[in-house]
Amino acid sequence: MLAFCHMAGEYDHLLRVQMADMKRYDDFYKRLVNSVPGGLIGVTSSFPMEDIKYTTALSIAP
C-alpha cells in the first residue's frame with residue numbers, strides 16, 4: 001500500500017496500491033472487499049493512464 005487517505009467530496013477514502021499485474025490487483029481487491037464484515041457498498045476503482053509527474057520530495061521554500 002502506497003497511501004490511504006480520508007477524502008472530502010464524492011469519495012470517502014483513497015487507497016493507492018501498486019501491483020505487479022491485474023491478476024494480483026484482482027486478488028487484493030477481492031480480499032479487501034471480503035474482509036469487511038457485512039461487505040462494502042459502492043466500491044469504485046480507477047487506474048491512471050499515465051503519470052505526468054510523481055514525486056515524494058517536498059519543495060522547501062527559503
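I started with the accessible surface of the protein, which comes to about 6,100 Å² (Shrake-Rupley method, 1.4 Å probe). Carbon and sulfur atoms hold 57% of that surface. I kept in mind that this is a predicted model, where local features need pLDDT of at least 70, side-chain atom pairs count only at pLDDT 80 or more, and totals for chains, interfaces and linings use all residues. Residues are numbered from 1 along each chain as its sequence is written, and side-chain values use heavy atoms, with hydrogens and water left out.

I then looked up the charges. The protein has 6 positive and 7 negative side chains. Lys and Arg count as positive, Asp and Glu as negative, and His and the chain ends are not counted. The centres of the two sets lie 7 Å apart, with each charge placed at NZ of Lys, CZ of Arg, CG of Asp or CD of Glu.

**Overall form.** I found a radius of gyration of 15 Å, whereas a compact globule of 62 residues would have one near 11 Å. The radius is taken over C-alpha atoms, and the globule rule is 2.2 Å times the number of residues to the power 0.38. Along the principal axes, the C-alpha atoms fill a box of roughly 50 × 30 × 20 Å. Of the 62 residues, 5% count as buried. Buried means under 20% relative accessible area, exposed over 50%, and partly exposed in between (1.4 Å probe, protein chains only).

I also checked contacts (heavy atoms within 4.5 Å). Among those between residues at least 6 apart in sequence, 11% join residues at least 24 apart.

I read the pattern as β-β-α, with 1 helix and 2 strands. These are DSSP runs numbered from the N terminus: helices are H or I of at least four residues, strands E of at least two. Strand 1 (residues 3-6) pairs with strand 2 (residues 13-16) in the antiparallel sense over 4 bridges; pairing needs at least two bridges in DSSP. H6 has H13 in strand 2 as its bridge partner. The two strands form a hairpin with 6 residues between them. In the turn, G9 has a positive phi of about 110 degrees.

**Two residues.** I looked up D12 in the loop between strand 1 and strand 2. D12 counts as exposed because its relative accessibility is 54%. Beyond neighbours within four places in sequence, D12 contacts C5, H6 and M7.

A3 lies in strand 1. A3 is partly exposed, at 26% relative accessible area. Not counting residues up to four places away in sequence, A3 touches L14, L15 and R16. I also took A3 to K30: 27 residues apart in sequence, 19 Å apart C-alpha to C-alpha.
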